[in-house]
Amino acid sequence: KQWYQRRVHGDTQQSHTVRSLKMILILLLSFLGGSLSQQDQPNIILIMADDLGFNDVSWHNEKVLTPNLDNLARSGIILEQHYSQSTCSPTRGAVLTGRYPIHTGLHPGALLPLTPEGLIKDAVTLGDKLRAANYSTHAIGKWHLGVCNRDYWPTSRGFDLF
């Protein structure tokens, strides 16, 4: 597939040696530099999928059919050079902050619903950065970064709606 050649990647050999690829990030419309008015800003959609393996999408395995993801990937950028954690909370925290889980307070593993902890409060998230750039931010799906204190909720972490 010719469009696959446009994907963002590092060393091709390295991408084939990734043992535990738990998520695929698809970012629609490449980042545009410079100052943009709100109406000229690109739309950004970040999709995180738990337990999705490297060969679980059609651009890596022709036996798997993922037409909707294919359409998104063709019109955007596939980001697949990353390290994923074995559970959801550390991975989500790392993606949203750009920090290793040991620096987000999430390294022990998945946060259960009644856990009185969450993503450290001083961590700046992708939602915070996008909101500061005049984006409307929405989080959909499971959060797993803390629920026992409103300071941990998505709407306190840079997201307008959850």
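Student: Over which residues does pLDDT stay under 50, and how many contacts beyond four places in sequence does the model have for them?

Tutor: This is a predicted model, and the part in question is residues 1–36, over which pLDDT stays under 50. For these residues the model has 86 contacts beyond four places in sequence. Strand E1, residues 25–28, has the lowest confidence in the protein, with a mean of 32. Where pLDDT is low, the predicted coordinates should not be read in detail.

The protein as a whole gives the setting. Its mean pLDDT is 77, and 76% of its residues reach 70 or more. Confidence is highest in helix H4, residues 126–132, at 95. Four helices and two strands make up the secondary structure, and along the sequence they follow the pattern α-β-α-β-α-α. The protein has 162 residues, of which 36% count as buried. Of the contacts between residues at least 6 apart in sequence, 59% join residues at least 24 apart.

Helix H4 also takes part in the largest pocket: H4 and helix H3 (88–97) each supply at least two residues of its lining. The space in this pocket is about 690 Å³. Its lining consists of 25 residues, and Leu46, His138, Ala139, Ile140 and Phe159 lie nearest the centre.

Methods
Residues are numbered from 1 along each chain as its sequence is written. This is a predicted model: local features need pLDDT of at least 70, side-chain atom pairs count only at pLDDT 80 or more; totals for chains, interfaces and linings use all residues. Side-chain values use heavy atoms; hydrogens and water are left out. Buried means under 20% relative accessible area, exposed over 50%, partly exposed in between (1.4 Å probe, protein chains only). Contact means heavy atoms within 4.5 Å. pLDDT is the predictor's confidence in each residue, from 0 to 100. On a 1 Å grid over the protein atoms alone, a cavity is a set of points where a 1.4 Å probe fits but cannot get out, and a pocket is an open set with protein on both sides within 12 Å along at least five of seven lines; lining residues have an atom within 4 Å of a point. Grid points are joined across faces, edges and corners, and a volume is the space filled by probe spheres set on the points.
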